[in-house]
Amino acid sequence: MKVLLLDMTHGGQILAPLYKEEGNEVYVCDVYRIAPAEMLDGLKAQGINVSVGNPPAGHYDLVSMPCHCPDVFLEGCTYDKRIWYSQSVNHFMDDRRFRIEVTGVKGKTSTCYMISHLLANAGYRVYLRSSRGSGPYTEKGHDIENLKSIAPPYLLDLPEGDYDAMVCEVSLGGSAKADIACITNLLEDYGIARKTRHAEEAKKDIITQKMNIFLKSEEKIWSKYCSSYTLTSNRVTPVSTPSFGSPLELNVDYKGKHRVDLDGSFLGLQYLEAMDMALTVCEIMDIPAEKVIAALRTFKGVPGRGEIRIENGIKYVRERNPGISHMSVRRTLETLKMMNAIDDAVVIIDPVSKKVCDKLDRDLIEEVVKEYGADLIVTPGDGTEPEVPAGKKTVVRMTKEGYQ
């Protein structure tokens, strides 16, 4: 069979040798022209046909590509069948370790960290793959050993090890073979592949025949793709009005009613949905309530995500996230508003990128910032620290970076 794989940035180099091992004639194309030479040379050494820019014109039995990759790269090519990388992952996935896959528009990393923290503190040996990095997660936190993409093919690149649970953040789609698949939300069904497709089409590929979890408000979206699912159920509610820098008091409904105070060093309000989904995962896995509640009390958020401090009377919020957009800016500013910490605020955005696909839309972000009465500064992206305007009481520093 003649197989064509497009895009070496999001895992084509992982899939190519697997198709080659099946006895196929394999072609790969670095359509974005950014794959390192050593990667392409390594594929050539395995007898794989490599091109850069556009694939060789002609007919292929099978084309596999990321769902976000536009069809324009296939000009001059015909094929019998075209599938997405997620479907190729499904074809090759044979890892039988217990695996939880998490996708969605927002909250993927937070949800993965919350799940990992609860399981690790319940005695599970956990491995976490996220946009921040990959490595074991223990009671002491995440030991990041390497930086890997969260594109679906990297599910085939998980390390060996006797882990009880593999918690995997996935950008678009998944293997459809996880023991538990979580979709955090579809806050915006944004256009992909130059707006010829939408996020829903890609993210639905995570849905497994085992157990799926998604929001009650999105039941109609996802239930048409599966029969085995459960819904999050607003298990977590604030006790009183939150205060910047103070512990967040919560009522938690998990195998009984509990009172939990989250650490005040991060924006705990932004983790309620992640906590709700993580608690649903724990319920499916039948984790004892005393283990779960004790773990919640020690959770301190995702490093670099929504970290807060007060210095010289000025409130600071730090956010390093590949998902920074007008939606995440709105979420942060709305959280600060709920904490009465939005007056005289400035938002400073640094568009630094490490293999991040989504680009900042400054106009949309500026609209949101103005709506909340704040000022906006966008840095050149060179890592320089801009001077904070005089009189500002709240500084929100957001850096768009990560590994997608």
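Which residues does Ala165 touch, not counting residues up to four places away in sequence? That is the starting point for these close-ups of a predicted model.

**View 1. Ala165 in its strand.** Ala165 belongs to strand β10, which covers residues 165–169. Leaving aside residues up to four places away in sequence, Ala165 touches Phe98, Leu119, Arg125, Val126 and Tyr127. Ala165 has a relative accessible area of 0%, and buried means under 20%, so Ala165 counts as buried. For a sense of distance, look for Gly11 too: 154 residues separate Gly11 and Ala165 along the chain, and their C-alpha atoms are 23 Å apart.

**View 2. The whole protein, for orientation.** Before going on, here is the setting. The protein has ten helices and 23 strands. Its C-alpha trace spans about 65 × 50 × 40 Å along the principal axes. A compact globule of 404 residues would have a radius of gyration near 22 Å, and the protein agrees with this at 22 Å. Of the 404 residues, 55% are buried. Among contacts between residues at least 6 apart in sequence, 66% join residues at least 24 apart.

View 3. The protein carries 50 positive and 57 negative charges, and the mean positions of the two sets lie 1 Å apart.

**View 4. Helix α1, largely enclosed.** Helix α1 runs through residues 12–21. Seven of its ten residues are buried, so the rest of the structure largely encloses this helix. You can pick out the buried ones by name: Gly12, Gln13, Ile14, Leu15, Ala16, Pro17 and Tyr19. Their cover includes the strands β1 (2–6), β2, β4 (58–65) and β5 (77–84), together with the helices α2 and α3 (85–92). After α1 comes Gly23, with a positive phi near 95 degrees.

**View 5. Helix α10, with one buried face.** Which residues of helix α10 (residues 362–371) are buried? They are Ile365, Val368 and Val369. Seen down the axis of α10, these buried residues fall within an arc of 100 degrees, so they line one face of the helix. An α-helix has 3.6 residues a turn, so residues three or four places apart point the same way. The buried residues of α10 pack against helix α9 (326–338) and the strands β21 (345–350) and β22 (375–378). Now look to the other side of α10, where Asp363, Glu367, Lys370 and Glu371 are exposed. Gly373 follows α10, and its phi is positive, near 70 degrees.

View 6. Arg33 is a residue other than glycine, yet its phi is positive, near 60 degrees. Is Arg33 buried or exposed? Its relative accessible area is 57%, and exposed means over 50%, so Arg33 is exposed.

**View 7. Arg194 in another loop.** The loop between β12 (191–192) and β13 (197–198) holds Arg194. Although Arg194 is not a glycine, it has a positive phi of about 55 degrees. With 61% relative accessibility, Arg194 counts as exposed.

Notes: Residues are numbered from 1 along each chain as its sequence is written. This is a predicted model: local features need pLDDT of at least 70, side-chain atom pairs count only at pLDDT 80 or more; totals for chains, interfaces and linings use all residues. Side-chain values use heavy atoms; hydrogens and water are left out. Helices (H or I, at least four residues) and strands (E, at least two) are DSSP runs, numbered from the N terminus. The radius of gyration is taken over C-alpha atoms; the globule rule is 2.2 Å times the number of residues to the power 0.38. Buried means under 20% relative accessible area, exposed over 50%, partly exposed in between (1.4 Å probe, protein chains only). Contact means heavy atoms within 4.5 Å. Lys and Arg count as positive and Asp and Glu as negative; His and the chain ends are not counted. The place of a charge is taken as NZ of Lys, CZ of Arg, CG of Asp or CD of Glu. The arc is that of the directions from the helix axis to the C-beta atoms.
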